[in-house]
Amino acid sequence: MIFLRRQLPLLITLVTGLLFAAQYYVPHPASEQMLTSATKWLQIVGGFALILGVTSLFHQHAVKIRRQEAGWGYSLVLYVGMLGTIAVGLWTNGKESVEGTMTAFGWIYNYMMVPLQGTMFAILAFFIASAAYRSFRAKSREAAVLLVAAVIVMMGRVPLGEYLIPLSGDVSSWILNVLNSSVRRAILIGVSLGAVALSFKIIFGVERSYLGGGKE
Amino acid sequence: MTLSERMLKIDRRIIFLMIGLCTLLPLLYPVGLPIKISSEVRGVYDHIESMPEGSVFLLSIDFDPASKPELYPQAIALLRHAFKKNLRVITMTLWVSGTGMADQLVTQVAKETGKENGTDYTFLGWSPGGQAVIINMGQDLYSAYPSDYRGKSTKELPILEGVRSLKDVGYMVSLGAGRPGVEEWYVFGKDKYKFEMGGGCTGVMAPGLYPLLRSGQINGLIGGLRGAAEYENLIGQKGKAVAGMDAQSATHLAIIALVIMCNLFYFSLRQQRDG
Amino acid sequence: MDAIVLGAWVATGLTLLIFSFLYKDNPLFKLAEHLYVGVSVGYVIVKTYDTVIVHLVVKPIVENGEIALLIPVAIGMLMLTRYVPKAAWMSRYAFAFIVGMGAGLAIPRTVSSFILKQVEDTIRPLLSMAGSDGVTFSMNLLNPASHLNAIIILIGVSSVLFYFFFSIEHSGVGKAVARTGILFLMISFGAGFGYTVMARMSLLIGRLTDLIEFSDASYGRPTVWLSLLTVGALFLLARRGREQPPDIH
């Protein structure tokens with residue numbers, strides 16, 4: 001049983017990992033066909049993974065409603081919103097528009113989801129301003145350099161800034177293209193090395209957290 | 001409590017009000033300052049401009065409503081340019097929450113330019129799996145997308161005649177707000193299937209994509225609302241991005257003023273304490 | 001009232017409910033927040049069902065007899081066993097397949113795209129032999145591809161990598177290199193902050209543009225009326241909050 005529950009999953013990871021890493025270097029038609037089929041499978045499995053991710057909310061809010069815990073009314077709103085959207089979506093075959101005409105599902109998307117999600121992120125504008133005022137202080141030399149670079153880029157990337165200080169556009173462009181590029185490049189190389197190392201650890205069974213906890 | 005202390009502990013809602021007004025007033029009373037074109041944005045524009053009529057242009061609309069104000073105007077401007085050049089336009093999205101928006105913007109620009117779905121352009125819709133979709137499209141486009149958004153078989157679409165995979169794409173632009181986005185399109189797409197590629201992204205992501213731009217892995221980059229405004233200027237059709245630039249200027253100056261004030265009060269307080 | 005006008009009222013109302021958070025956390029915001037999560041989850045479920053089940057699985061099987069597609073469906077179903085505690089271990093097969101394949105696909109492509117290509121562009125010739133003048137060295141800072149900038153990029157990449165990756169004590173020359181790396185990092189973080197401000201402000205501009213559009217008479221001025229209503233509701237909530245002091249127990 002331990003083989004089925006623990007070793008077989010690790011074996012599947014090892015085989016698929018090595019197979020698809022090697023596939024990159026083998027452009028034989030059979031190898032290419034395998035890649036085509038497997039990525040198609042991955043697309044379909046990806047859909048199930050998405051469902052698994054979003055439905056974890058179901059249980060949590062259902063319990064809240066059943067026990068009438070504090071704020072259960074909000075959970076009810078969540079359920080009504082979700083079930084209503086699903087009902088309308090299935091009724092319109094999951095299409096937001098048909099031949100350019102908006103469906104009821106499209107209406108929910110355009111007039112509910114878009115403004116809700118958009119505004120949720122738009123309020124961050126206020127908080128970044130407040131945070132800048134409260135904590136963007138030149139307490140050290142390094143902090144002062146960061147602050148000056150931020151101010152130059154903020155000036156150089158808007159028309160009024162370029163109008164007031166014409167040089168700010170060119171300086172911010174140089175900062176982004178040269179100084180920023182070099183740092184981001186170093187980070188990219190470092191992160192990629194880390195990602196490759198992690199991938200090898202996964203393939204060879206050193207990293208196993210993706211299998212989840214639970215009984216052996 | 002000294003003035004500096006009081007000012008540093010000011011109610012954050014006063015700052016909120018200031019930012020709100022700095023955004024709202026320029027939107028109501030625009031000035032229209034000139035916008036300089038950067039070489040990053042020109043890279044994308046020049047490439048599309050150089051493409052012969054009938055070339056295949058793939059636009060991946062990889063964002064959701066959270067990034068709509070930045071990337072929607074970029075998508076509109078790019079589509080207007082591509083349709084004006086009579087390119088064969090393939091559109092799609094890797095972000096499920098962006099599907100409705102992508103459909104809406106493609107339909108809107110096609111209608112305004114008199115283009116026909118299936119003949120001049122197609123919207124393939126969304127497909128799950130991110131990197132798997134990109135690789136599968138590189139292997140066999142009809143396998144990744146057996147049907148378009150409307151449910152019509154992709155094999156029967158006139159626009160996809162001769163387009164079997166990403167290898168047949170002339171130019172590709174990913175408008176990404178995160179993952180999957182520009183980086184994934186390079187790693188899992190261009191690296192193997194060798195199509196020419198440009199990128200568009202949110203302001204938050206832009207600095208991180210400069211290494212790809214410098215190494216020539218992408219030949220242009222449209223960054224945030226400013227990038228969209230530059231592209232609108234390049235195609236000569238001003239839209240929401242250009243309209244938002246005055247507000248962008250005002251809010252940037254407001255933040256700079258806040259930072260300067262905060263530092264003045266901070267140093268004055270420090271001086272008082274040290275003294 | 002047609003669907004677009006009704007939509008304008010609903011969109012404006014929901015936008016203002018979220019904005020009400022700027023005053024303080026309140027029930028109106030919580031209501032909109034939960035509605036947002038519910039609608040988003042519902043939307044994702046519908047799109048996934050339509051795309052995956054209908055278009056990627058059922059149609060190809062029914063129309064073209066692609067029976068092999070039942071294999072990923074089975075793998076997907078295994079994943080859903082996470083909901084059944086006794087059978088949850090079977091989901092490991094699905095995760096093993098996804099993660100193993102993801103890791104395998106990523107290794108060569110990441111090495112090629114982000115390590116080799118980036119290193120290649122960093123180590124560029126510092127002088128050019130092209131042109132009639134023989135050896136040239138371009139000093140133009142505004143041209144990112146100039147030789148001077150190539151040297152700056154080389155210094156930046158090396159010093160930042162040194163700062164992050166070499167665990168030797170940062171003293172002597174090492175200290176100077178690490179400090180150069182910190183300087184480069186600070187400038188890049190500053191640029192990143194500048195761009196983040198730009199992005200966040202753009203999002204606000206987008207929402208306010210919509211609110212301005214919906215203040216038009218053709219929609220019945222929902223922005224004006226609903227703003228008044230939201231402010232009134234916040235006022236009432238604040239007054240009720242003052243009248244009913246929170247339970248200290």
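What percentage of the 275 residues in chain B do buried residues make up?

Mentor: Buried residues make up 60% of the 275 residues in chain B. A residue counts as buried if 20 or more other C-beta atoms, placed from the backbone, lie within 10 Å of its own, as exposed if there are 12 or fewer, and as partly exposed in between. Please keep in mind that this is a predicted model, in which local features need pLDDT of at least 70 and side-chain atom pairs count only at pLDDT 80 or more, while totals for chains, interfaces and linings use all residues. Residues are numbered from 1 along each chain as its sequence is written, and chains are lettered from A and ligands numbered from 1 in the order in which they are written.

Now to the outline of chain B. Its C-alpha trace spans about 80 × 35 × 30 Å along the principal axes. The chain has 11 helices and six strands, which are DSSP runs numbered from the N terminus (H or I of at least four residues for helices, E of at least two for strands). Of the contacts in chain B with a separation of 6 or more, 73% join residues 24 or more positions apart; two residues are in contact if their C-beta atoms lie within 7 Å.

Chain B is divided into two domains: domain 1 takes in 3-25 + 247-274, and domain 2 covers 39-246. These bounds come from an automatic or database domain assignment. Taken over C-alpha atoms, the domain centres are 39 Å apart. Four residues from domain 1 and five from domain 2 make the contact between them. On the domain 1 side, two are nonpolar, two are polar and none is charged. Here Ala, Val, Leu, Ile, Met, Phe, Trp, Tyr, Cys and Pro count as nonpolar, Asp, Glu, Lys and Arg as charged, and the others, including Gly, as polar.

Within chain B, have a look at helix α6 (residues 131-139). Nine of its nine residues are buried, so the helix is largely enclosed by the rest of the structure. Among them are B:V133, B:I134 and B:I135, along with B:Q131, B:N136 and B:Q139. What do these buried residues pack against? Their partners are α7 (141-144) and α8 (182-193) of chain B, α2 (29-66) of chain A and α4 of chain C.

That brings us to the side facing chain C. There, 43 residues of chain B are in contact with 38 residues of chain C. Each of α2 (12-28), α4 (68-84), β3 (121-126), α6, α8, α9 (206-214), α10 (224-235) and α11 (240-274) of chain B supplies at least two residues of this side. The largest share, seven residues, comes from α11(B). By class, the side of chain B that touches chain C has 20 nonpolar, 16 polar and seven charged residues.

For the wider setting, turn to chains A and C. Here 103 residues of chain C are in contact with 101 residues of chain A, and the chain C side divides into 74 nonpolar, 21 polar and eight charged. A:T85 is buried, because 25 other C-beta atoms lie within 10 Å. Beyond its neighbours within four places in sequence, A:T85 is in contact with A:I108 and with C:V39, C:G42, C:Y43 and C:V46.
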